[in-house]
Amino acid sequence: MDEIRLSTEKTMVIASGRAHPELAEEIAKELGTELLPMSAYDFANGEMYVRSAESVRGKDVFLLQSHPAPLNNWLMEQLIMIDSMKRASAKRITVVSPFYPYSRQDKKGRGREPISARLVADLYKASGADRIMSVDLHTAQIQGFFDGPVDHLFAVPPLADHIRAQVADDEVTVVSPDTGRVRVAEQWAERLGGAPLAFVHKTRDVTQPNKAESKQVVGQIEGRTCVLIDDMIDTGGTISGAVKVLKDAGAKDVIIAATHPIFSEPAAERLADSGAREVVVTNTLPIPEEKRFEQLTVLSIAPILATAIREVFTDGSVTSLFDGNA
């Protein structure tokens, strides 16, 4: 029987939405390539139009989009981009969402509540995504919401390495803002040379968004430099309150470390006045100049994302980037 055989190499393209072009450019530079030219604009009534300026037929497309405010706009643009790539016959579409949208709504706390994080996963799948890549999901269970591969990346390595250089001569305690992130705090403690752990007890009114009150700290922190960790900082109220609790309990210094700088008002003002020695975040979300302050340090997440993209494209190991713990 005659056969037709086609011997071709895989081709990767990097496309980006309009939410955070700086991060996309950094990732493309790390990969030694350029972003796929895109045409994107809004109609007068808010509808979005997206079209690739080049063919993506048979290509492996990595579609980058950050989700700062207004989050819904950028999510919709991303869904439209996925649909356009699917209809343009892309071979595989990997959604790269450094900050996963609606990640806080990952379970039902009360009756009749939505699980919006699952809804977002369903929307990605329905629009044509084959794979998802994200950084520091609010909870690990979100990985199970998507019917396909999910690459859960961690920002602990660059954040912890930066802080380790700042506190080399200090007695350090890693502090979780609540009991829910103690497992992540253990990873931090390991990278900081086996530092002891503590956590802040807080209460939250489930009927009020962005309302949590830090009560007291559990653990030995007196006279020590506390590294207060979290996955995201939204309005800054909870994390600023935790700094006060730690200071009142005798902490010598407090350094805040978080992956996603949402920085809704009045976060910048609260953090600047919180008494923290330094606030270290990554650039998974763009931070405008008016929301930057003296104590703020922004580290690039681009090297981790670029390496993970390369490993996925070459069928390598993403887990190996995190000592087998991804």
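Select E77 and, leaving aside its neighbours within four places in sequence, show what it is in contact with: G17, R18, A19, A40, M48, V50 and Q65. Bear in mind that this is a predicted model. E77 itself lies in helix α2, residues 71-87. With a relative accessible area of 1%, E77 is buried, because the cut-off for that label is under 20%. Now display the side chains of E77 and Q65, which are joined by a polar contact of 2.8 Å.

Next, select helix α1 (residues 21-31) together with helix α8 (residues 302-313); their axes come within 9 Å and cross at roughly 55°. That angle makes α1 oblique to α8. The crossing of the two is right-handed. To see where they meet, pick L23, E26, I27, E30 and L31 in α1, then A302, P303, L305, A306, I309 and R310 in α8. Coloured by type, the residues of this contact divide into eight nonpolar, no polar and three charged.

Last, move to helix α4 (residues 156-166) and helix α5 (residues 182-191). Here the axes of α4 and α5 come within 10 Å, with a crossing angle of roughly 45°. So α4 is oblique to α5. Looking at handedness, α4 and α5 form a right-handed crossing. On the α4 side, select V156, P157, L159, A160, D161, I163 and R164; on the α5 side, the residues they meet are V184, Q187, W188 and R191. The residues of the contact of α4 with α5 comprise seven nonpolar, one polar and three charged.

How values were computed:
Residues are numbered from 1 along each chain as its sequence is written. This is a predicted model: local features need pLDDT of at least 70, side-chain atom pairs count only at pLDDT 80 or more; totals for chains, interfaces and linings use all residues. Side-chain values use heavy atoms; hydrogens and water are left out. Axes are lines fitted to C-alpha atoms, for helices over the stretch in contact, and angles run from 0 to 180 degrees between N-to-C directions. Helices (H or I, at least four residues) and strands (E, at least two) are DSSP runs, numbered from the N terminus. Angles under 35 degrees count as roughly parallel, over 145 as roughly antiparallel, 65 to 115 as roughly perpendicular and the rest as oblique. A crossing is left-handed if the near helix is turned anticlockwise from the far one by less than a right angle, and right-handed if clockwise. Contact means heavy atoms within 4.5 Å. Ala, Val, Leu, Ile, Met, Phe, Trp, Tyr, Cys and Pro count as nonpolar, Asp, Glu, Lys and Arg as charged, and the others, Gly among them, as polar. Buried means under 20% relative accessible area, exposed over 50%, partly exposed in between (1.4 Å probe, protein chains only). A polar contact is a pair of N or O atoms within 3.5 Å; within protein, one must be able to donate a hydrogen and the other to accept it, and residues adjacent in sequence count only if both atoms are side-chain atoms.
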